[in-house]
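Me: I'm new to this one and would like to go through it slowly. Can you put it up so that I can ask as we go?

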Amino acid sequence: MDLQHISDIEKAAHQGRGEVFRLGMGVLFIVGVMFYSALSGTGEGSMTLVMAAMIGGYMAMNIGANDVANNVGPAVGSKALTLAGALVIAAIFEAAGALIAGGEVIGTIRSGIIDPDLIKDSDTFVWIMLAALLAGALWLNLATAVGAPVSTTHSIVGAVLGSGMAAAGPSIVDWSTMGEIAASWVISPLLGGIFAAAFLYLVKRSITHQVDMAAAARRTVPVLVGLMAWTFVSYLILKGLNRVWKVDFLPAVLYGLIFGALVFVLVRKALHGSSGIVANTKASVNRLFTVPLIFAAALLSFAHGSNDVANAVGPLAAIVDVVSSGGVVHKDAAIPTWVMMVGAIGISLGLALFGPKVIRTVGSEITELDQMRAYCIAMAATLTVIVASQLGLPVSSTHIAVGGVFGVGFLREYLKSNYDRMVAEIKAHHPEGDLAAIEAFIARFEKASIEEKGQMLADLKQRSKNADDPAHFSKGERKGLKKVYRRELVKRSQLMRIAAAWVITVPASALMAAVLFFMIRGMMLP
């Protein structure tokens, strides 16, 4: 055996040690959940509680490995955050969001999809929730193993739907709630894409399309950061501090506005003080978005924790409620703190152990991101998730974040295709041999503002009305260039793959949950 083969074996063994370590840490967490839940349960329901808690912890780790990557992936892909820094920020704010503001959406998961009043037997209700939790976790793990980017919300909602229908038929399902949830699955990516594209268009119009980009950034960046601070503080008051400080919506928004205005003033002062440092280049302007992007990623993680912790512990909370109350099914029972901790710690641990690969995929494999684009995606996703959590609606953060990434990519395609058309028009009004004049005009055109670009094109058309019109690029060539840019800026294969995964998740998890319900009932019945 030569040295090269020995080196290859050592590399493979090193990678294997990492996998074993991650697997061992995950198993250790689930074992810890098992022991704690065993001490918390008493009587006949103790074993059921232990099983539900272990599956809930397993589900939470899968959520951390998949969904959380959508929150920090753009920041890592744009190099605004290192991978280690993103893991730390996401873990802290995911756990905080789950513990502080996660209760409302959990109520929707455990009693909003099906009607507990139609299940007279408490054991059947427990079997429904247990089958749903196990099916959601298994489907998510299977999809992750084959590299399919599925929604954890789809997984658990479809699972509750399937096990509920297996137990009591279609009448048990609250179809109006399911209709709202299904509509949110369509609306979420559209809103994420529209918001992200709108933010990016605003940034381009107000900053990168200006002659003096540095000065334009000093005017606009404080506004964007102030808007983010306004949203963040308002949400914290309404959702995070409502247990100790009851504030209505309008006063909370007013407090948030005051804080946002203060942040605006501080950021504006800081940016004007750095006038000698910021250069009039896109790269230099991009760096101004680093700190806002970090704050936006933290806020998105907080909102995701408050929303998607329901996927892991919603059914678990329902099982704990039934077991602890001696068989009585409540719709609005309080959620034990240890149940919330299982979800919070599981999400953070799953992110740290298994999230880096997915983070890199989200940050770089759909479209190329810089800090301005990543900020727009994070801010758009933040606003959408916050609104959904405020309404108690279990939307998919995967849909929102990925929709934002595609929205930015498609806007770039649109702007790029328009720019290519304009450049082709410029070259068409110059003699083919006059390359120096063409290049000089293009250089001036790229540096001009939007209004100046339009005037330059109008002057070109006016001067060339009675002149020969040698086309530098044919119509077919221009279409070919546009197609090349479309392939470069947005990967259509990723779009089709993600859409296919979204479509199949609900029926697949529902079918799996129905099968598991019959298996569990068969084992439990005497």
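This is a predicted model: local features need pLDDT of at least 70, side-chain atom pairs count only at pLDDT 80 or more; totals for chains, interfaces and linings use all residues.

Me: Let's look at helix pairs, then. At what angle do α2 and α13 pack?
Reply: Helix α2, residues 46-66, packs against helix α13, residues 337-354, at an angle of about 40°, and their axes are 6 Å apart. That angle makes α2 oblique to α13, and the crossing of the two is right-handed.

Me: Which residues meet there?
Reply: On the α2 side they are L49, A53, G56, G57, A60, M61, I63, G64 and A65, and on the α13 side W338, V342, G343, G346, I347, L349, G350, L351 and F354. Sorted by class, this contact has 12 nonpolar and 6 polar residues, with no charged ones.

Me: Staying with α13 for a second, how many of its residues are buried?
Reply: Helix α13 is mostly covered, with 13 of its 18 residues buried. Its length agrees with expectation too, because 18 residues at 1.5 Å a residue should span 26 Å and the end C-alpha atoms of α13 are 25 Å apart.

Me: Back to α2: how does it lie relative to α6, roughly parallel or roughly antiparallel?
Reply: The axes of α2 and helix α6, residues 122-145, come within 9 Å and cross at roughly 30°. Angles under 35 degrees count as roughly parallel, and α2 and α6 are therefore roughly parallel to each other. Their crossing is left-handed.

Me: And which residues of α2 meet α6?
Reply: From α2 these are T48, M51, A52, I55, G56, Y58, M59, N62, I63 and N66, which meet V126, L130, L133, L134, G136, A137, L140, N141 and T144 in α6. By class, there are 12 nonpolar and 7 polar residues in that contact, and no charged residues. G56 and I63 are listed in the contact of α2 with α13 and also in the contact of α2 with α6.

Me: What about α7 and α8, what angle do they pack at?
Reply: Helix α7, residues 152-168, and helix α8, residues 175-208, pack at an angle of about 155°, with their axes 12 Å apart. That makes α7 roughly antiparallel to α8, and the crossing of this pair is left-handed. The contact is made by T153, H154, V157, L161 and M165 of α7 together with W175, M178, I181 and W185 of α8, and by class it has 7 nonpolar residues, 2 polar ones and no charged ones.

Me: Changing topic, is α3 mostly covered or mostly open?
Reply: Helix α3, residues 69-77, is mostly covered, as 8 of its 9 residues are buried. Those buried residues are A69, N70, N71, V72, G73, P74, A75 and V76.

Me: And what comes just after α3?
Reply: Just after α3, K79 takes a positive phi of about 70°, in a residue other than glycine. K79 is found in the loop between α3 and α4, and it is exposed, with a relative accessible area of 71%.

Me: Which residues of α10 are buried?
Reply: They are A252, G256, G260, V263, V267 and L271. In general, an α-helix has 3.6 residues a turn, so residues three or four places apart point the same way. As for length, the 24 residues of α10, 249-272, should span 34 Å at 1.5 Å a residue, which agrees with end C-alpha atoms that are 34 Å apart.

Me: Where are their C-alpha atoms relative to M379 and S46?
Reply: The C-alpha atoms of T231 and M379 are separated by 9.9 Å, although these residues are 148 residues apart along the chain. For S324 and S46, which are 278 residues apart along the chain, the C-alpha separation is 9.5 Å.

Note on methods: Residues are numbered from 1 along each chain as its sequence is written. Side-chain values use heavy atoms; hydrogens and water are left out. Axes are lines fitted to C-alpha atoms, for helices over the stretch in contact, and angles run from 0 to 180 degrees between N-to-C directions. Helices (H or I, at least four residues) and strands (E, at least two) are DSSP runs, numbered from the N terminus. Angles under 35 degrees count as roughly parallel, over 145 as roughly antiparallel, 65 to 115 as roughly perpendicular and the rest as oblique. A crossing is left-handed if the near helix is turned anticlockwise from the far one by less than a right angle, and right-handed if clockwise. Contact means heavy atoms within 4.5 Å. Ala, Val, Leu, Ile, Met, Phe, Trp, Tyr, Cys and Pro count as nonpolar, Asp, Glu, Lys and Arg as charged, and the others, Gly among them, as polar. The expected span of a helix is 1.5 Å times one less than its number of residues. Buried means under 20% relative accessible area, exposed over 50%, partly exposed in between (1.4 Å probe, protein chains only).
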